[in-house]
Amino acid sequence: MATLVSFHAHPDDESIATGGAMRKAFEDGHRVVLVIATRGEHGEILTELNEGEELWERRVEETHAAAEILGATRVEFLGYVDSGMVGDPLNDAPGSFWTAPVADAAEKLAAILREENADVLTIYDPYGTYGHPDHIQVHRVG
């Protein structure tokens, strides 16, 4: 059995980018771990939220539901704030993933990789697939 760690910027990225690989690894008997840098606080609201519910709460809940379907036995959030889309003033907000020192974020990820004795780590390409600041940062940190 190997351990696959799939590292993503926001909730839902795991399903979009590596859901098939995660589920296949699980079905083949491997351990699957999902690590997400942010809680997706600044994503688009596509469905109505419950009264008093914050977007990040919904996205965390959905992440755990997706992880169960995809076979991830551990879900970790690194605790950074969603940086918004390219050019958004949120890119430079304190605590945003985009502004996080790469070495600090990499150490948070590395601690999980060591705990899991990870064999495989998935990240994005240098352009972050489509240029999103947080996706680029996933590449740098990974």
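What percentage of the 142 residues in the protein chain is buried? In this predicted model, in which local features need pLDDT of at least 70, side-chain atom pairs count only at pLDDT 80 or more, and totals for chains, interfaces and linings use all residues, buried residues account for 44% of the chain, buried being defined as under 20% relative accessible area with a 1.4 Å probe and protein chains only. Residues are numbered from 1 along each chain as its sequence is written, and side-chain values use heavy atoms, with hydrogens and water left out.

The accessible surface of the protein chain, computed by the Shrake-Rupley method with a 1.4 Å probe, is about 7400 Å², and carbon and sulfur atoms contribute 54% of that area. The C-alpha trace spans about 45 × 35 × 25 Å along its principal axes.

The protein chain contains five helices and four strands, taken as DSSP runs (helices H or I, at least four residues; strands E, at least two) and numbered from the N terminus. Their order along the sequence is β-α-β-α-β-α-β-α-α. Of the contacts (heavy atoms within 4.5 Å) between residues at least 6 apart in sequence, 70% join residues at least 24 apart.

Helix α1 (residues 13-27) packs against helix α2 (residues 55-70) at an angle of about 35°, the axes lying 8 Å apart; axes are lines fitted to C-alpha atoms over the stretch in contact, and angles run from 0 to 180 degrees between N-to-C directions. To this contact α1 contributes E14, S15, G19, M22, R23 and F26, while α2 contributes A66, E68, I69 and L70.

Conventions:
Buried < 20%, exposed > 50% of the residue type's maximum accessible area, 1.4 Å probe, protein only.
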